[in-house]
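The sequence and model come first, and the notes follow by topic.

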Amino acid sequence: MGKYLHCAQLTNKIYFGAMSSIKEARDFILHGYREYLPHVSIDCAIFGYHDQQLKMLLIKPSFLDGCCLPGGYIKRGETLTQAAGRILEERTALHSVFLQQFYTFGNPGRAKLKTFDVKSFEETFGVELASDNWLLDHTISVGYYAIVEYSQVVLQTDAFTESLQWCDIDALPPLLFDHNEMVSSALRMLQLQIYHQPIGYNLLPAKFTMPEIQVLYETILGKKLDRRNFPKRLLSLGIIKRLNEQRSIGPHRSPYLYKFDKRKYEEALKNGVVLAF
């Protein structure tokens, strides 16, 4: 038909939402603007941390040749953060995950698609994508990032999602739309924010060693940190405390265990910290 799709969120909501039937999807295509705000959407850069590796959650939508970030539209009466939390929960089954807004993407043509199988799409859902359909207009996307322990994630697909997968952050494939740019922007913001907001509460065991939390910071920052300076700086924040317990990891090697002070950690999330390495 020669149509271009000018909106990444056509796939983000249709394929990534919690719709359970063709009828529900068809109603969204034709009348979704009644429930959702048109022209503005959310994309979530979900970082996973596991086995000292930083990963990114990608989704493979049907009808498209490639992967992208999970995303969707904002319900009327819903805040941006509430929408981001809902979208993340729909994909991962995780509740109350810390989310940080990092950038807004709105360049014209940012989501123009040539590989979209319009004919198959229209036949599947029994609709014709008219040129004035609300999904085909220019859409601005607000980016949010989160860091999760990926072994706690329950990947949730639906009838419109071919697959979800974790990919090492250093080995991402070319992504659909402008999502490679989104990932790069999210990672840069995460690396900047790590100096002003604590991380690790949901990424480490309840009790951990100083080397374990240092490796977490090094993995995210992509650089080595001084082994003498790092503990002093982190302890000065008061968000972790040393226990009178040690872990035996080999001959003459029994490092002390630490745990987060949940109250101080949450205060630091709210008020911010200043951490210089």
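**An aromatic cluster and its surroundings**

Tyr 33 is partly exposed, at 33% relative accessibility (buried means under 20% relative accessible area, exposed over 50%, partly exposed in between, with a 1.4 Å probe and protein chains only). The model is predicted: local features need pLDDT of at least 70, side-chain atom pairs count only at pLDDT 80 or more, and totals for chains, interfaces and linings use all residues. Residues are numbered from 1 along each chain as its sequence is written, and side-chain values use heavy atoms, with hydrogens and water left out. Helices (H or I, at least four residues) and strands (E, at least two) are DSSP runs, numbered from the N terminus.

**Aromatic pairs**

- Rings of Phe, Tyr and Trp (its six-membered ring) pair if their centres lie within 6.5 Å; planes under 30 degrees apart count as stacked, over 60 as edge-to-face and the rest as tilted.
- The count by this rule is 15 aromatic pairs.
- One of them is the edge-to-face pair of Phe 28 and Trp 134, with 5.3 Å centre to centre and 70 degrees between the planes.
- That pair links distant parts of the chain, 106 residues apart: Phe 28 is in helix H2 (residues 22–31), and Trp 134 is in the loop between helix H4 (118–125) and E5.
- Phe 28 is buried at 4% relative accessibility, and Trp 134 is buried at 8%.
- Tyr 33 and Trp 134 also form an edge-to-face pair, at 6.3 Å centre to centre and 75 degrees between the planes.
- Here the partners are 101 residues apart, with Tyr 33 in the loop between H2 and strand E1 (36–50).
- Phe 28, Tyr 33 and Trp 134 belong to one aromatic cluster together with Tyr 36 and Tyr 73.

**Nonpolar cores**

- In soluble globular proteins, nonpolar side chains tend to be buried together.
- A nonpolar core is a set of buried Ala, Val, Leu, Ile, Met, Phe, Trp, Tyr and Cys residues joined through side-chain atoms within 4.5 Å.
- The largest such core has 42 residues, and those with the most contacts inside it are Phe 47, Ile 213, Tyr 217 and Leu 234.
- Helix H6 (residues 210–221) gives the largest share of this core, six residues.
- Apart from it lies another core, of 38 residues, including Leu 57, Cys 68, Phe 121 and Val 127.
- Leaving aside residues up to four places away in sequence, Leu 234 touches Met 210, Ile 213, Tyr 217, Ile 239, Ile 240 and Leu 275 (contact means heavy atoms within 4.5 Å).

- Helix H3 (residues 80–92) has 13 residues and reaches 18 Å from its first C-alpha to its last, close to the 18 Å expected at 1.5 Å a residue (the expected span is 1.5 Å times one less than the number of residues).
- Its buried residues include Ala 83, Ile 87, Leu 88 and Thr 92, and also Arg 86 and Arg 91.
- Val 153 lies in the loop between strand E5 (140–149) and strand E6 (161–168), and Val 153 is buried at a relative accessible area of 13%.
- The C-alpha atoms of Val 153 and Ala 93 are separated by 6.6 Å, although the two residues are 60 residues apart along the chain.
- Beyond residues up to four places away in sequence, Val 153 touches Thr 92, Leu 94, Val 148 and Trp 166.

**An open sheet**

- Three strands form an open antiparallel sheet in the order E7-E9-E8 (two strands pair if DSSP finds at least two bridges between them).
- Strand E7 (208–209) and strand E8 (240–246) are the edge strands, each pairing on one side only.
- E8 pairs with strand E9 (residues 256–260) in the antiparallel sense over four bridges.
- Arg 242 stands opposite Tyr 258 in E9.
- Arg 242 also lies over the face of Tyr 256, at 3.8 Å from the ring centre (the rule asks for NZ of Lys or CZ of Arg within 6 Å of the ring centre and within 35 degrees of the ring normal).

**Positive phi**

- Most residues other than glycine have a negative phi.
- His 39, found in strand E1, has a positive phi of about 75 degrees and is partly exposed at 34% relative accessible area.
- Asp 51, in the loop between E1 and strand E2 (53–61), has a positive phi of about 50 degrees and is exposed at 62% relative accessible area.
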